[in-house]
Amino acid sequence: LPDARVSSATQANDRDSMRNVELTKQRILEAATEEFSAYGFSGARVDRIAANASANKALIYSYFGNKEKLFESVLQEILTQIVRDVRMDAFDLPGYLERRLEWQFHNPTLARIATWAELDPESLPRMMAGGEVRARKLAALADAQRAGAMNSEFTPEQILSLIDSLARPGLVLRGEKTVPLDEFKRYKQTA
């Protein structure tokens, strides 16, 4: 019976330890998301991420390997959220744009990180977590064109690039934590 109690206590400690690891990883990802959003990949500092996550740098390197892999994890998490929350409908592009704008108004981090990527593409990791998602969107646009639902004057790449540009308005990129609702509504109306 004493062995069963020791084993049970060990299992409970292991579960608590795993829970703490996951909570620490989540704090690191949240701090890294804010850091990459505010400073871009080049300007982000692992020291600040560690301080803001109440973790040490060694844990960041242990859990994620390096700054590039941490950025990839942040980007993958953002893309997973937006793909889950904002489904693209190639037959209703205005509706898709409106949903993207709404999502980004409430979650401006993606727009900020994407803008950093455009401003300094050489500094970013070579990984493009959105490549597979983008390929699916391009295929859906091509299917819609073949079905006659939209004009074929523009390539699917041009259409998606236009939507992406419209979905990253300057008003969410000025460094402000929030954008006034009336200003956002005016932009959404004109987009």
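What follows is a conversation about a predicted model of one protein chain.

Me: What should I know about the model and its numbering before we start?
Reply: Residues are numbered from 1 along each chain as its sequence is written. This is a predicted model, in which local features need pLDDT of at least 70, side-chain atom pairs count only at pLDDT 80 or more, and totals for chains, interfaces and linings use all residues; side-chain values use heavy atoms, with hydrogens and water left out.

Me: What is the mean pLDDT of the chain?
Reply: The mean is 82, and 76% of the residues reach 70 or more. The term pLDDT denotes the predictor's confidence in each residue, from 0 to 100.

Me: Where is confidence lowest, and where is it highest?
Reply: Helix 6 has the lowest confidence, at a mean of 73, whereas helix 2 has the highest, at 97.

Me: How many helices and strands are there?
Reply: The chain has 9 helices and 0 strands. Both kinds of element are DSSP runs numbered from the N terminus: helices are H or I with at least four residues, and strands are E with at least two.

Me: OK, what percentage of the residues is buried?
Reply: Of the 191 residues in the chain, 37% are buried. Buried means under 20% relative accessible area, exposed means over 50%, and partly exposed lies in between (1.4 Å probe, protein chains only).

Me: Which residues touch the most other members of the largest nonpolar core?
Reply: They are Ile28, Phe36, Ile49 and Leu70, in a core of 41 residues. Helix 4 (67-85) is one of the helices that supply at least two residues each, and helix 4 gives the most, with 8 residues. A nonpolar core is a set of buried Ala, Val, Leu, Ile, Met, Phe, Trp, Tyr and Cys residues joined through side-chain atoms within 4.5 Å.

Me: What does isoleucine 28 touch?
Reply: Not counting residues up to four places away in sequence, isoleucine 28 touches Ile49, Ala53, Ala55, Ile60, Tyr63, Phe64 and Leu70. Contact means heavy atoms within 4.5 Å.

Me: Changing topic: is threonine 33 buried or exposed?
Reply: Threonine 33 counts as buried because its relative accessible area is 16%. This residue is found in helix 1. Beyond residues up to four places away in sequence, threonine 33 touches Val74, Ile78, Thr109 and Ile113.

Me: And how far apart are the C-alpha atoms of threonine 33 and glutamate 77?
Reply: Those C-alpha atoms are separated by 9.4 Å, although the two residues are 44 residues apart along the chain. Glutamate 77 lies in helix 4 and is partly exposed, with a relative accessible area of 29%. Not counting residues up to four places away in sequence, glutamate 77 touches Gln26 and Leu29.

Me: What about lysine 67? Which residues is it in contact with?
Reply: Lysine 67 also lies in helix 4. Leaving aside neighbours within four places in sequence, lysine 67 is in contact with Phe36, Phe41, Ser42, Ala44, Arg45, Val46 and Tyr61. A polar atom of its side chain lies 2.7 Å from the backbone oxygen of phenylalanine 41, and the backbone oxygen of alanine 44 lies 2.9 Å from a polar atom of the lysine 67 side chain.

Me: Which side chain does aspartate 85 make a polar contact with?
Reply: The partner is the side chain of arginine 84, at 2.9 Å. A polar contact is a pair of N or O atoms within 3.5 Å; within protein, one must be able to donate a hydrogen and the other to accept it, and residues adjacent in sequence count only if both atoms are side-chain atoms. Aspartate 85 is found in helix 4 and, at 39% relative accessibility, counts as partly exposed.

Me: On to the loops: where is serine 54?
Reply: Serine 54 is in the loop between helix 2 and helix 3. Its phi is positive, at about 55 degrees, although serine 54 is not a glycine. With 59% relative accessibility, serine 54 counts as exposed.

Me: What caps the N-terminal end of helix 3?
Reply: Asparagine 56 does, with a side-chain oxygen 3.1 Å from the backbone nitrogen of alanine 58. Just after helix 3, glycine 65 takes a positive phi of about 95 degrees.

Me: Last one: why should helix 5 span 20 Å?
Reply: Helix 5 (residues 93-106) has 14 residues, so at 1.5 Å a residue it should span 20 Å, which agrees with its end C-alpha atoms being 20 Å apart. The expected span is 1.5 Å times one less than the number of residues. Aspartate 92 caps the N-terminal end of helix 5, a side-chain oxygen lying 3.1 Å from the backbone nitrogen of glycine 95.
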